[in-house]
Amino acid sequence: MSYLKPADFVGKMIDAGEEKAFMSTRDTVIRAFMAGAILALAAAFAVTITVQTGEPLLGAVLFPVGFCLLYLLGFDLLTGVFTLVPLAWLDKRPGVNWRAVLRNWGLVFVGNFAGAFTVAVMMAIIVTMGFSMDPNEVGQKLGEIGVSRTVGYADHGASGMLTLFIRGVLCNWMVSTGVVAAMMSTSVSGKVIAMWMPIMLFFYMGFEHSIVNMFLFPSGLLLGGDFSIGDYLIWNEIPTVIGNLVGGLAFVGLTLYATHARTATPRPRPAAEPDTDDADDQVPADTAARA
């Protein structure tokens, strides 16, 4: 697996954040578009498996294939840059300021949404035979997800909003762990194994991922889900984005940086105590002389 020690892969995290902060607009948007599209296809794949087998765990087990592919191809998700790019600013890399960080986040958001929405339109065409018939089972499931994870939260008011936010936090805690896990190994198999586990966990637990939702909810609207664009933005996307930011940065980026890049001064080590057994065996010099 060619495992890298934490101090080594945290250095790679900071370097990656710096590289993304200075990436051209064209490359940033293209990579974000492809990441959003591939992750959307993986979500469609997982929903299809769940509908056809009736086993959500199987869908969750296979969903990470999209995440692994997009990161091996060098594409970027908003959830990943939430964690990596601020580290370059925190590490005082030359030229990296908050304007560069926010620019990167904004471009990746636009690219991710464009890619996910493109796949949402394509899937809506597929599950309705070009909008010539009612949605099939997969299409109906997409509409149900949109209702339960927007209006379902709204029905509970502030408690629902808190739950949504915490699910967003937990989601990117796991997703960003997957992003970092790809840097723990120099082999493809090692990267895939390390990424697979936290991504499977977040998907099966029903945590809220802003880019996956960029596919699920537009799909639901296109397929007749009983919720509005306002419901989607207020009762899912915006709180999810904020939760993803907090989860990835606070629980992954900052914690790893604080303890493996900018470490605290080690506690002083206690002086070695003399071996009392050896001391008892020794005869004082003056006693030996008198003998």
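Does Arg93 count as buried or exposed, and at what relative accessibility? Here are a few notes on this predicted model, starting with that residue.

1. Arg93 counts as buried, because its relative accessibility is 18% and the cut-off for buried is under 20%. It sits in the loop between helix H5 (78-90) and helix H6 (98-127).

2. The side chain of Arg93 meets that of Asp15 in a salt bridge, at 2.9 Å from N to O. This pair links distant parts of the chain, since Asp15 belongs to helix H1 (residues 6-21) and the two residues are 78 apart. Asp15 itself is partly exposed, at 42% relative accessibility.

3. Arg93 also forms a salt bridge with Asp91, at 3.1 Å from N to O. Asp91 is partly exposed, with a relative accessible area of 27%.

4. The structure has six salt bridges by the rule used here. One of them joins the side chains of Arg26 and Asp27, at 3.0 Å from N to O. Arg26 is exposed, with a relative accessible area of 60%, while Asp27 is partly exposed at 22%.

5. Now to the rings: the structure holds eleven aromatic pairs. Among them, Phe63 and Phe203 are stacked, with 4.2 Å centre to centre and 15° between the planes. This pair also links distant parts of the chain, 140 residues apart: Phe63 is in the loop between helix H3 (56-62) and helix H4 (64-72), and Phe203 is in helix H10 (residues 188-204). Phe63 is buried, with a relative accessible area of 0%, whereas Phe203 is partly exposed at 21%.

6. Phe217 and Phe227 give an edge-to-face pair, with 6.2 Å centre to centre and 90° between the planes. Phe217 lies in helix H11 (residues 210-222) and Phe227 in the loop between H11 and H12, so the pair ties together parts that are ten residues apart in sequence. Both Phe217 and Phe227 are buried. Elsewhere, ring pairs join Phe82, Trp89, Trp98 and Trp105 into a cluster.

7. Finally, have a look at the surface. A nonpolar patch there consists of Trp173, Ile229, Leu233, Ile234, Ile238, Ile242, Val246 and Phe251, with about 700 Å² of accessible area together. Helix H12 (residues 229-260) gives the most to this patch, with seven residues. Ile234 is in helix H12 and is exposed, with a relative accessible area of 51%.

Notes: Residues are numbered from 1 along each chain as its sequence is written. This is a predicted model: local features need pLDDT of at least 70, side-chain atom pairs count only at pLDDT 80 or more; totals for chains, interfaces and linings use all residues. Side-chain values use heavy atoms; hydrogens and water are left out. Patches are made of residues with over 30% relative accessible area and no salt bridge: like charges are joined within 9 Å, nonpolar side chains (Val, Leu, Ile, Met, Phe, Trp, Tyr) within 5 Å. Accessible areas come from the Shrake-Rupley method with a 1.4 Å probe; for residues, only the protein chains shown count as cover. A salt bridge is a side-chain nitrogen of Lys or Arg within 4 Å of a carboxyl oxygen of Asp or Glu. Helices (H or I, at least four residues) and strands (E, at least two) are DSSP runs, numbered from the N terminus. Buried means under 20% relative accessible area, exposed over 50%, partly exposed in between (1.4 Å probe, protein chains only). Rings of Phe, Tyr and Trp (its six-membered ring) pair if their centres lie within 6.5 Å; planes under 30 degrees apart count as stacked, over 60 as edge-to-face and the rest as tilted.
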